[in-house]
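Hi everyone, thanks for making time this morning. Let's take a look at the structure together, and then I'll walk you through a few of its features.

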Amino acid sequence: MLVNVHDAKTQFSKLLEQAHAGQEIILAKAGEPYARTMPLAPETAKRQRGRVKGIDDSAFFDPLPEEELAAWERR
């Protein structure tokens, strides 16, 4: 939907509701497209520890065996 800035000023609340409902609105100055109004993308879920069941990470912070430490020191 193309809307001139003057009309957008008088219909801002209505246009905002339309954008929130998913409609893309192009604001125009002197008939030329100038800016775009569209809904925000939904927020993505934050990562949560332990979502994958069956993985045992209890040894993650255990010290490495001597032979593995030696292998890293040779690099």
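**A charged pair to start**

Let's begin with two side chains, those of Glu24 and Arg36, which meet in a salt bridge at 3.8 Å, N to O. By salt bridge I mean a side-chain nitrogen of Lys or Arg within 4 Å of a carboxyl oxygen of Asp or Glu. Glu24 sits in the loop between α2 and β2 while Arg36 belongs to strand β3, so the pair ties together parts that are 12 residues apart in sequence. The structure holds one salt bridge.

Before going on, a word on the source: this is a predicted model, where local features need pLDDT of at least 70 and side-chain atom pairs count only at pLDDT 80 or more, while totals for chains, interfaces and linings use all residues. Residues are numbered from 1 along each chain as its sequence is written, and side-chain values use heavy atoms, with hydrogens and water left out.

Are the two partners buried or exposed? Arg36 is exposed, with a relative accessible area of 53%, and Glu24 is partly exposed at 37%. Here buried means under 20% relative accessible area, exposed over 50%, and partly exposed in between, using a 1.4 Å probe and protein chains only.

Now for the strands. Helices (H or I, at least four residues) and strands (E, at least two) are DSSP runs, numbered from the N terminus. Two strands pair if DSSP finds at least two bridges between them. β2 and β3 pair in the antiparallel sense over five bridges, and Leu27 has Ala35 in β3 as its bridge partner. Their hairpin has two residues between the strands, and in it Ala30 takes a positive phi near 55°. β1 and β2, by contrast, run parallel and are joined by three bridges; Asn4 stands opposite Ala28 in β2.

Next, helix α2, residues 12-20. Which of its residues are buried? They are Leu15, Gln18 and Ala19. These cover an arc of only 100° around the axis, which puts them on the same side of α2; the arc is that of the directions from the helix axis to the C-beta atoms. On the other side, Ser13, Glu17 and His20 are exposed. Contact means heavy atoms within 4.5 Å, and what covers the buried residues of α2 includes β1 (2-4), α1 (5-10), β2 (25-29) and β3 (32-37). Just after α2, Gly22 takes a positive phi of about 115°.
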